Amino acid sequence: MAETAKIGDKKSVATCDRASFRIILDVGHSEEVPGALSARGVGEYTFNLNLARTVEKKLHAAGFSKAHMLVTPGKAIAGLVSRVHFATRNPADLFLAIHHDAVPDKFLEKWTYDGKERPYCDRFKGHSLFVSQVNEHYKESLQFARMLGYQLKLDGLQYAKHYTEKFMGIRQRQLIDPETGVYRFDNLVVLMSTSMPAVLFEAGSIINRDEELVMADPKHQEVLAAAVTRAVESFCTVQAQQKAEPKIRRAAAPETPPPVFPLFGHTP
């Protein structure tokens, strides 16, 4: 369990209780509705599932035994409702939705792969992170998103910057943190309706022919999973410290001595 140093010590620090920290790894889309198709015709769900498995394995190895991979079958709307219901019934410390990106249809070109003509777009690449200001834990959501973006940056990875452009139309997003690639996406169901800190992680663009190959590489999945794990470690530690600080301050405050009244005379 989380431990703190002796109360009153100025260096008192709460530590992350990895064994009890709960994180839901939401695998985007389903077998029935696989999401975007990659440049080579592979459904996004396959990429999401493979990365989520790698992240879950890495988290378990780091001591986060309550990391849970959420796989939701069914059609899109029903699946979204099921995800939110699961999160409501199984409250966690963090909800991380794992996806892979595509682009608006107007940017698609055609190429032939494996004897079939397929759409692709090599114009954009990179990961991105989204949070909702409607989420009741927006502050914590943004905190984790920044931590993850920072870890990805340390690995030399660059976030996708095209979401700020007007040509994205209804997909245009406000960039909240230009250092770590965190965008605002208020009305996304799994971000706005989950009663816990929630972040959506678009790991990379699978409609980009080169980046699709990178996203499918188990070695790169390990890199992403390690970044997620480091970010979870940081978030867990900071959350433990923030929860402990008020208790430490209250316990460390000097006690007010009781009033002293004279033996004779008026007493209130």
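**Burial, cores and local features of the predicted model**

Cys 121 is buried, at a relative accessible area of 2%; buried denotes under 20% relative accessible area, exposed over 50%, and partly exposed the range in between (1.4 Å probe, protein chains only). The structure is a predicted model, in which local features need pLDDT of at least 70 and side-chain atom pairs count only at pLDDT 80 or more, while totals for chains, interfaces and linings use all residues. Residues are numbered from 1 along each chain as its sequence is written, and side-chain values use heavy atoms, with hydrogens and water left out.

The secondary structure of the protein chain amounts to six helices and nine strands. Helices (H or I, at least four residues) and strands (E, at least two) are DSSP runs numbered from the N terminus. Of the 268 residues of the protein chain, 46% count as buried. Contact is defined by heavy atoms within 4.5 Å. Among contacts in the protein chain between residues at least 6 apart in sequence, 73% join residues at least 24 apart.

Cys 121 is also one of the residues in contact with Asn 208; when neighbours within four places in sequence are left aside, the contacts of Asn 208 are Cys 121, Asp 122, Phe 124 and Lys 125. Asn 208 is located in the loop between β9 (198-205) and α5, and is buried, with a relative accessible area of 4%. Asn 208 caps the N-terminal end of α5, with a side-chain oxygen 3.0 Å from the backbone nitrogen of Asp 210. A polar contact is a pair of N or O atoms within 3.5 Å; within protein, one must be able to donate a hydrogen and the other to accept it, and residues adjacent in sequence count only if both atoms are side-chain atoms.

In helix α5 (residues 209-216), the buried residues are Glu 211, Glu 212 and Met 215. These residues lie on the same side of α5 because they cover an arc of only 110° around the axis, the arc being that of the directions from the helix axis to the C-beta atoms. An α-helix has 3.6 residues a turn, so residues three or four places apart point the same way.

Nonpolar cores were defined as sets of buried Ala, Val, Leu, Ile, Met, Phe, Trp, Tyr and Cys residues joined through side-chain atoms within 4.5 Å. The largest nonpolar core has 42 residues, and Phe 144, Leu 148, Phe 201 and Val 232 are those with the most contacts inside it. Two or more residues of this core come from each of β1, α1 (44-61), β2 (67-70), β3 (94-101), β6 (128-131), α3 (138-154), β9 and α6. The most is given by α6, with eight residues. Not counting residues up to four places away in sequence, Phe 201 touches residues including Leu 51, Leu 96, Ile 98, Leu 129, Leu 148, Leu 152, Leu 224 and Val 228. A second, separate core of 23 residues includes Phe 124, Phe 130, Met 168 and Val 190.

One disulfide is counted under the rule applied, namely a pair of cysteine sulfur atoms within 2.5 Å. The disulfide is formed by Cys 16 and Cys 236, whose sulfur atoms are 2.0 Å apart. This pair links distant parts of the chain, 220 residues apart: Cys 16 is in the segment before β1 (23-27) and Cys 236 in helix α6 (residues 218-252). The link of Cys 16 and Cys 236 is right-handed, with 90° about the S-S bond. Both Cys 16 and Cys 236 are buried.

Strands are taken to pair if DSSP finds at least two bridges between them. Strand β4 (residues 109-113) and strand β5 (residues 116-120) are antiparallel and pair over five bridges, with Tyr 113 opposite Lys 116 in β5. The hairpin of β4 and β5 has two residues between the strands, and Asp 114 in the turn has a positive phi of about 55°. Asp 114 is exposed, with a relative accessible area of 65%. Strand β7 (residues 174-177) and strand β8 (residues 182-184) run antiparallel and are joined by three bridges; Leu 175 stands opposite Tyr 183 in β8. Four residues separate β7 and β8 in their hairpin, where Gly 181 in the turn has a positive phi of about 75°.

A positive phi, of about 70°, also occurs at His 29, which is not a glycine. His 29 is in the loop between β1 and α1, and is partly exposed, with a relative accessible area of 25%.
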